[in-house]
Amino acid sequence: MSAISPRGAKTKSRFRVKFWGVRGSYPTVDSNTLQFGGNTSCVEAQADGRRLIFDAGTGIIALGKELCDGAAPAPAAYVFLSHTHIDHVMGLCFFEPLLTPKSRSFIFGPGASRGALTRSLRHLTHSHLFPVSLDELKGKKEIISLAGGEIIRFGSPGSRPDIETARASNGDRREELMITTCKSSAHPLNGVMLYRVHYRNKSFVYATDIEQQEGGYPEIIEFARGADLLIHDAQYLHDEYVSRAKPRKGWGHSTVDMAAEVAAKARVKRLALFHHEPTHDDRTMKQIARQAKRLFRSTVVAREGMQIDLL
Ligand SMILES: [Zn+2]
Ligand SMILES: [Zn+2]
């Protein structure tokens, strides 16, 4: 585990990002990937005494156990899905709050209509795939479709967050905890939701499963503008992306170079490379870390257990 944190941060005033799963596409159990971790996408934000969760890859399983461990009743869980591709939801059926009576989960994610996200998630628990239906899982749950451009504000602990559909304007002068959203079409087939979490005038952007175009998508650069941390898809090396034998263009993921370019253009303070290619072992990941620093100096390669304090 590594930590990047100023000393003396107190829980209530803390604004911390913790990586529970950093791998893209599928989990790895290979001993050569243990240093960076094999679980698929799951990132936690701790702010204002709350714990917000981004994506429900296999990394969410350990997080869910920690949330429920010793807590009675289990605290409300707030989960924000980038999209419903299997690597981002495969931990959901094993997420402890969903299995625990009296616990309450709010699950947000992209959906073209009110019930669209619920319908997508029901596929996960189709009787041919899983023995218990989504509705039969014991924990209370509310599934909320987002279109993009929302502002999500948090009331009293455990309550349903308020959603303003007015288009969010950018800017970081935001004291209270809130999330702004941006829907991007830069991922096949149905696009992906990007989230920006604001607290006490600091912010980070969660932008996974996006394939940047030449020069970066202007709307994504604008959405990430000036963020203290940008977590960005960086699944491929440039050589893999343009390889003649197996070109990855059109597969919906960025290269390390693309992530670095967007970070520079958006003038973010720090970049975390994320959604790692599962065939990249720890040695390759260390090479990527060295190379990436040459492209954008303030880059870290996300690894399981890593914590970054923004306050
Ligand atoms: Zn993915
Ligand atoms: Zn995807």
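Visitor: What should I know about the ground rules?

Guide: This is a predicted model, where local features need pLDDT of at least 70, side-chain atom pairs count only at pLDDT 80 or more, and totals for chains, interfaces and linings use all residues. Residues are numbered from 1 along each chain as its sequence is written, chains are lettered from A and ligands numbered from 1 in the order in which they are written, and side-chain values use heavy atoms, leaving out hydrogens and water.

Visitor: What is the mean pLDDT of the protein?

Guide: The mean is 93, and 94% of the residues reach 70 or more; pLDDT is the predictor's confidence in each residue, from 0 to 100. Over residues 5-9 the pLDDT is below 50, and this stretch has five contacts in the model beyond near neighbours in sequence (contact means heavy atoms within 4.5 Å). Where pLDDT is low, the predicted coordinates should not be read in detail.

Visitor: Why is C42 called buried?

Guide: Buried means under 20% relative accessible area, exposed over 50%, and partly exposed in between (1.4 Å probe, protein chains only). C42 comes out at 0%, so buried is the label. C182, at 12%, is buried too.

Visitor: What does F54 touch?

Guide: Leaving aside residues up to four places away in sequence, F54's contacts include C42, F80, Y195 and F204. F54 is in strand β4 (residues 50-54); strands (E, at least two residues) and helices (H or I, at least four) are DSSP runs, numbered from the N terminus. With a relative accessible area of 0%, F54 is buried. Its C-alpha atom is 28 Å from that of R294, which is 240 residues away along the chain.

Visitor: Why is the pair of F15 and F204 called tilted?

Guide: Rings of Phe, Tyr and Trp (its six-membered ring) pair if their centres lie within 6.5 Å; planes under 30 degrees apart count as stacked, over 60 as edge-to-face and the rest as tilted. The F15 and F204 centres are 6.0 Å apart and their planes are at 50 degrees, so this pair is tilted.

Visitor: What makes F94 and F130 edge-to-face?

Guide: Their ring centres are 5.7 Å apart and their planes are at 85 degrees, so the pair is edge-to-face. F94 sits in the loop between α2 (86-89) and α3 (96-99), and F130 in the loop between α4 (116-122) and β7 (140-146), 36 residues apart. F94 is partly exposed at 43%, whereas F130 is buried at 16%. The structure holds 15 aromatic pairs.

Visitor: Which ring does the charged end of R303 sit over?

Guide: That of F36, at 4.2 Å from the ring centre. The rule asks for NZ of Lys or CZ of Arg within 6 Å of the ring centre and within 35 degrees of the ring normal. R248 lies over the face of Y236, at 5.8 Å from the ring centre.

Visitor: How do you know that K65 and E96 form a salt bridge?

Guide: A salt bridge is a side-chain nitrogen of Lys or Arg within 4 Å of a carboxyl oxygen of Asp or Glu. K65 and E96 come to 3.5 Å, N to O, so they qualify. K65 lies in helix α1 (residues 59-68) and E96 in helix α3, so the bridge ties together parts that are 31 residues apart in sequence. K65 is partly exposed at 45%, and E96 is partly exposed at 24%.

Visitor: How many salt bridges does the rule give?

Guide: The count comes to 14. Among the residues involved, E44, R51 and E66 are linked in a network.
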